[in-house]
Amino acid sequence: MKAWLFAGQGAQRAGMGEALFDRFPEYVTAADRILGESVRALCLDDPDGRLNRTRWTQPALYVVNALACAEALAEGLGPDVLAGHSLGEYNALLAAGCFDFETGLRIVRRRGELMGEADGGAMLAVVGLAPDAVRALLDRCGAADVDLANLNTATQVVVSGPAESVRAVRAAVRATQGARCVPLATSGAFHSRHMRPAQERFVAFLDTLEFRPPSIPVIANVTGRPYPADGVADLLARQIAAPVRWHETLRELVRLGVTEAREFGPRPMLRPMWDSVLAEPETVPRSQPQPQQQRPLPESVPVPEPRPVPVPVPVPGAVVGAARRDAAACDPEPVGDPAAARLGSAEFRQDHGVRYAYLAGSMFRGVSSVELVARLGRAGLRGYFGAGGLDLATVEKALTELARTPGLDGRYGVNLLHDLTRPGAEDALTDLLLRHDVRHVEAAAFTSVTPAIVRFRFTGAHRTADGAAVAVRTLVAKCSRPEVAAHFMAPPAEELLRRLVSDGALTPQEADAARGLPVAQDICVEGDSAGHTDGGVSLALVPTTAALAERLTARHGYARRLRVGACGGLGTPEAVAAAFVLGADFVVTGSVNQCSPQAGTSDAVKDLLAALDVQDTAYAPAGDLFELGSRVQVVRKGTLFAARANKLYQLYRGHGGLDDLDEATRTWLERDCLRAPLDQVWKQTCAHYRDTGRVHEIERAERDPRHRMALLFKSYFARTNRAAQDGDPTERANYQVHCGPAAGAFNRCVRGTALEPWPERHVERIADLLMSGAARVLRERLAAYAPTGPGDVPHHP
């Protein structure tokens, strides 16, 4: 496959296009008419020195690129896929037939005018550092108002922001070994949050135009993925204030099977980047392309489905009722608030490589899907794939896909769910995680530290030359009780370490490092959350656990402090702000992400979730721990699952077996609950346990009628979970949907805004809304309590 790449601003030079103007006089005449002056004179003579001024650079470069493309097309062969860097993307879209030459020039002229009006900003190219290292550098030098603007290669990043802040970054880069920087000749902070005013004006202009779908794939700067058929205007608007994900673009070309790239531009700028991506050891196409001949443009080819948009942007024209406090509190407009990036622990953000002290927790059976986790990772955040309840083959397929997804840079994790009924499953999943070199795990439902947890956490651990213990894997342990949290805050028990070394599960060096580290550096306090829950109260649990963390940090002499996070009930900016006020170092969301387009559940469930209020959840028995009486929180509105599941548990508690049930109860079971004769359900249950290698459960049921009843009842939980994820309309009354009150709170919060429809609730937008909103809430509350003059006392208005 062959790609055509179009250079953007920075490739211009005096004399560009000299050999092209005479060849395409009709284009030149049209350009002169639209620009109101001679484009030939601007490019060749530049009498007033305007060629390097944005409002003139962009249309001039667009014209020259278009002429070069026309010359190539005259040869009769075209590319299989197109891409352009920033301004160059307009030439790629022109080549794909999304608009004609004159329309494109009018768009570019307006873009150049708007971007040219921006002043007070600066851009700096940083070479020799990976994006995560640049983000860490920005944090260290306090440049919270500087954004990553161009992600060109694995070690070439352009930052953008106010001139004074960029100067501070420049000094910090020069003091960093192995890094260098080059100031760019721009007057504005392009491709950053500071361009949003220009973006809003550009949206109004684009709304007056119509665009055709690309005739061949065009990789978008904003996403690093092909343009959707109807997304041209939206992505062009976003591009002004969003990073140029060029590294991801080039990796996507490799993934698609591109082996040859041709660059269009006055100076060679993109070819070296392409060559650097080809040289990356991890750059391997997912499938080898079949040999094929180039085809002429504009032959129509299928456009791949778009991947998720990884960069959060404000929603233009969001409707927010000024008199509606709940909607105003969640107005998506303040996306990218620098204060949001300072909430919580800076050390947490650095260790996890995320831009917020924010995680998206896992959800059972892949509801936290590969798509959800990948989208968060590309947005500089982390989510955990919901491995609980899935077989190893399904989990391995997900891990393989995540590892091959460009742009994640390791920002993904996996859930490790403790299952008392299947002790071997935990070890098997740990083996799989280590085999795929997964670095981040969220541990849930553990009541004690197990060998599998210790093996995952400390594989690869070591001591540095100065004797400091270092672990290369992170573990976030969800706990709802301080006594359980204390186990994870301590180093592993000596006896356990000796056994793991003896079994060859850890090396002596890894065990030695483990003695100086906690099992989990990060403890997440689980309040009134979805799924397994003790119904804890965060107001009591978070400060109590935070105080415990301080004591144990001192007791064990850790070089780094234990960190405590909060989850459960986090559905509004106020709730997130409260978690940080209580002492949380980070927050973990759950229920709110289940109603996103990326969640791995059915549209029917998402419709149900989007209609919830805060009171529309209830407690029900947990299917995996049914006999122990463990509870989960589930949706109550629109489904009878909670009522039926609770009745099943009451029957189990009150009877010794199925033979003890009266005829009316058996009829209810077969007709309304299990929806099949009991004998048929039992045969299906036995087949399931045989297929999953748990014949011992059947053997026990043959001896114990009550255990047989429990296994048969548990089949209801498995069926209702699958029915909800599949959206089976015949089972709607039985949908089992794990959910906490945060979902209803979020619904109230976004009512009347652009995020009210769930298809607009992309997971990174949810994160930005909650974190930026929390920063605003804290700012407003603190201002309300601040003294207003000498002798004044803080007061609440």
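Mentor: Arg 193 sits in the loop that runs between strand S6 (180-184) and helix H8 (196-206); helices (H or I, at least four residues) and strands (E, at least two) are DSSP runs, numbered from the N terminus. The model is predicted, so local features need pLDDT of at least 70 and side-chain atom pairs pLDDT 80 or more, whereas totals for chains, interfaces and linings use all residues. Residues are numbered from 1 along each chain as its sequence is written, and side-chain values use heavy atoms, without hydrogens or water.

Arg 193 counts as buried because its relative accessibility is 15% (buried is under 20%, exposed over 50%, partly exposed in between, with a 1.4 Å probe and protein chains only). The side chain of Arg 193 makes a polar contact of 2.3 Å with that of Asp 147 (N or O atoms within 3.5 Å, one able to donate a hydrogen and the other to accept it; sequence neighbours count only through two side-chain atoms).

Another loop residue is Phe 21, between strand S1 (2-6) and helix H1 (25-35). Phe 21 is buried, since its relative accessibility is 1%. Its C-alpha atom is separated by 9.1 Å from that of Val 39, 18 residues apart along the chain.

Helix H28 (residues 705-726) comprises 22 residues, and its 32 Å from first to last C-alpha is close to the 32 Å expected at 1.5 Å a residue (1.5 Å times one less than the number of residues). At the start of H28, Asp 704 brings a side-chain oxygen to within 3.0 Å of the backbone nitrogen of Arg 706. After H28 comes Gly 727, with a positive phi near 70 degrees.

H28 also contributes nine residues, the largest share, to the lining of the largest pocket. That pocket holds about 1,300 Å³ of space. It is lined by 44 residues, and the closest to its centre are Arg 365, Gly 389, His 688, Arg 694 and Ala 718. Besides H28, helix H15 (392-404), strand S11 (413-417), helix H16 (423-435) and helix H26 (678-691) each supply at least two lining residues. (On a 1 Å grid, a pocket is an open set of points with protein on both sides within 12 Å along at least five of seven lines; a cavity is a set where a 1.4 Å probe fits but cannot get out; lining residues have an atom within 4 Å of a point.)

The structure has one cavity of 30 Å³ or more, and about 40 Å³ of space lies in the largest cavity. Its lining includes Ser 591, Cys 595, Phe 746 and Arg 761. Helix H23 (603-610) and helix H29 (742-750) are the elements that give two or more residues to this lining, and H29 gives the most, three. Six of the lining residues are nonpolar, two polar and one charged.

As for the cysteines, there are zero disulfides (sulfur atoms within 2.5 Å). Cys 739 is too far for a bond because its closest cysteine sulfur, in Cys 595, is 8.6 Å away; Cys 739 is buried, at 0% relative accessibility. The sulfur of Cys 686 lies 18 Å from that of Cys 673, the closest, and is therefore too far for a bond. Cys 686 is also buried, with a relative accessible area of 8%.

Technical notes: Points joined across faces, edges and corners; volume = space filled by probe spheres on them. Nonpolar A, V, L, I, M, F, W, Y, C, P; charged D, E, K, R; others polar.
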